[in-house]
Amino acid sequence: MTKVEKPDVFIIGSGPAGGAVARTCVAEGKKVVVADYQPFGGTCPLRGCEPKKFLFDVTNVALRRKHMTERGLRGCLAINWKMMMTAMAEMRDPIPSLVENFYEKHGIIAVHGKAQFASPDTILVNKKKYQPDRIVIAAGATPRPLDFSGNELLMNTDQFFEIRELPSRIVFIGGGFIAFELSHIAAIAGAQVDVILRSERFLRRFDPSLVECMIEASRDMGVRFHTMMPPSSLKKDRDELVLCAGEDNIEFRADCIVHAAGRIAHVAALNPQKGQLELNQKGGINVNEFMQSTSNPRVYAAGDVVGNTMELTPVASMEGMVVSHNILHGNGERPDYSVVPYTLFTHPPLSTVGLQEEEAQAQKIPYKVYEGSAAGWSEYRRIGERYPSYKVLVSKKDDTILGATMNGHNSEEIINIFAFAMRTKTTVAELNKWLWAYPSFGYTIRYMLK
Ligand SMILES: Cc1cc2nc3c(=O)[nH]c(=O)nc-3n(C[C@H](O)[C@H](O)[C@H](O)COP(=O)(O)OP(=O)(O)OC[C@H]3O[C@@H](n4cnc5c(N)ncnc54)[C@H](O)[C@@H]3O)c2cc1C
Ligand SMILES: NC(=O)c1ccc[n+]([C@@H]2O[C@H](COP(=O)([O-])OP(=O)(O)OC[C@H]3O[C@@H](n4cnc5c(N)ncnc54)[C@H](O)[C@@H]3O)[C@@H](O)[C@H]2O)c1
């Protein structure tokens, strides 16, 4: 009979959540095993944030160059898709070896293979059994299964990052983060892009008035939007794909159709019943306030596989740190979701932190609003941006920031300042006394809070 391994901590998944647990637990002298069936590093650096941001940065220069034509910048600037993708892959592809080298150096055992539960205390990978003291599920998320006929012809985002020739016509199904970010990249690079949404509301996690500005900016770059269009079938017709959607079965013909219809916790392959794992309403691992399984106390979970709040890298890492603490020192730490800034990396980026106005109204929180267009400010006029806008919610009770959303160049940096102000409970009166470098985008906070 093969020997059963008994490490202290067995981690399923090597992304931001699993990585945080591995590094912290090994530093405290634990015997740690990490299993992953894909190259090590997880979604963020290999198939998510990082490759996306690379493509964002290149396309951003191209778009901004266009905006500068009237400001004296001449000469053609075109995107060579193949070169851009090759350059992105050159930066991305060494990452798994770097991760594994780091693991080896620090004594973390890397196992290549799909992990599943054989029983509540036993994990099986490549027919080998592990009975660890603690099991950490950090298996991330996977595209939501869609049930219309021909859905197997859809391209997922992992495949999008491997496209070497830009398709002429691309359709994105969904109206969330991925549809907006990737549609902007493809449109600026020269594809004809359609985004189809089953409902009427795009980007639910952002203020609708700022989403409107984003949609205007998207239309300017040629992205076409179609609402109330649930997809009903997809088929191949010679060398093109035909998607039918909506009540009238409208046909969309394209070279590729991308699944951007959300992601769900990656639990099915884990054999959750054998692990006695209770799932939550979103289909993620149900955990208590200490990120410990509510049904199997040997198990903790962190990151997208929990689906507690948002599928974001900083949230996954923070939950990983909470899990490490609780494994090493006993349950005592809880995740803190009170201030989570995030950015939609579109052109321009749309960024937010804290309460949305709809939430403040629903929760009957007394607030005042500072909002408006920033198009007249010299910061945006200089760069020819047409739809910059902002909305800041301030507590009527104590003058602190409740939430902020903005759409404009560098908003991903300005939002961190608002996050800092929220963390430190800085009042608007105090913020207005702070000095900012001039003329910087951060300085526009003074204009917003006038
Ligand atoms: C296109 C895209 C762009 C994104 N952009 C951003 C962004 O700009 N900013 C941001 O904050 N977030 C972004 N995200 C989200 C971010 O990537 C995730 O929130 C983050 O990676 C979650 O980390 P995780 O460790 O929970 O899971 P993951 O990083 O997904 O890692 C999970 C790992 O577990 C492995 N695994 C799964 N099941 C098993 C199994 N049974 N056995 C072994 N291994 C298994 C997987 O192979 C994977 O490597 C983006 C996501 C996508 C898809
Ligand atoms: N910049 C970032 O931080 C960033 C970027 C990309 C992804 N992410 C994370 O990854 C997650 C997944 O991104 P996403 O864009 O796939 O999800 P999303 O939740 O942002 O958007 C999903 C979209 O698909 C639609 N949809 C849902 N079910 C559908 C169905 N059955 N048929 C058709 N449409 C359907 C929804 O209405 C929504 O518009 C995000 O929620 C986010 O947390 C973050």
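Tutor: A backbone N or O atom of Asp304 lies 2.9 Å from an oxygen atom of ligand 1, and a polar backbone atom of Ala17 is likewise 2.9 Å from an oxygen atom of ligand 1, while a polar backbone atom of Cys49 is 3.5 Å from a nitrogen atom of ligand 1; a polar contact with the ligand is a pair of N or O atoms within 3.5 Å. On its own, ligand 1 has 1000 Å² of accessible area, of which the protein covers 94% (areas by the Shrake-Rupley method with a 1.4 Å probe). Two or more residues of the shell come from each of α1 (16-27), β2 (32-36), α2 (43-47), α3 (49-67) and α9 (313-329), where helices (H or I, at least four residues) and strands (E, at least two) are DSSP runs numbered from the N terminus.

This is a predicted model, in which local features need pLDDT of at least 70 and side-chain atom pairs count only at pLDDT 80 or more, whereas totals for chains, interfaces and linings use all residues. Residues are numbered from 1 along each chain as its sequence is written, chains are lettered from A and ligands numbered from 1 in the order in which they are written, and side-chain values use heavy atoms, with hydrogens and water left out.

In total, 36 residues surround ligand 1, the closest being Asp36, Thr43, Lys52, Ala115 and Asp304, where a residue is near a molecule if one of its heavy atoms lies within 4 Å of it. The shell divides into 17 nonpolar, twelve polar and seven charged residues, with Ala, Val, Leu, Ile, Met, Phe, Trp, Tyr, Cys and Pro counted as nonpolar, Asp, Glu, Lys and Arg as charged, and the others, Gly among them, as polar.

How values were computed. A polar contact is a pair of N or O atoms within 3.5 Å; within protein, one must be able to donate a hydrogen and the other to accept it, and residues adjacent in sequence count only if both atoms are side-chain atoms.
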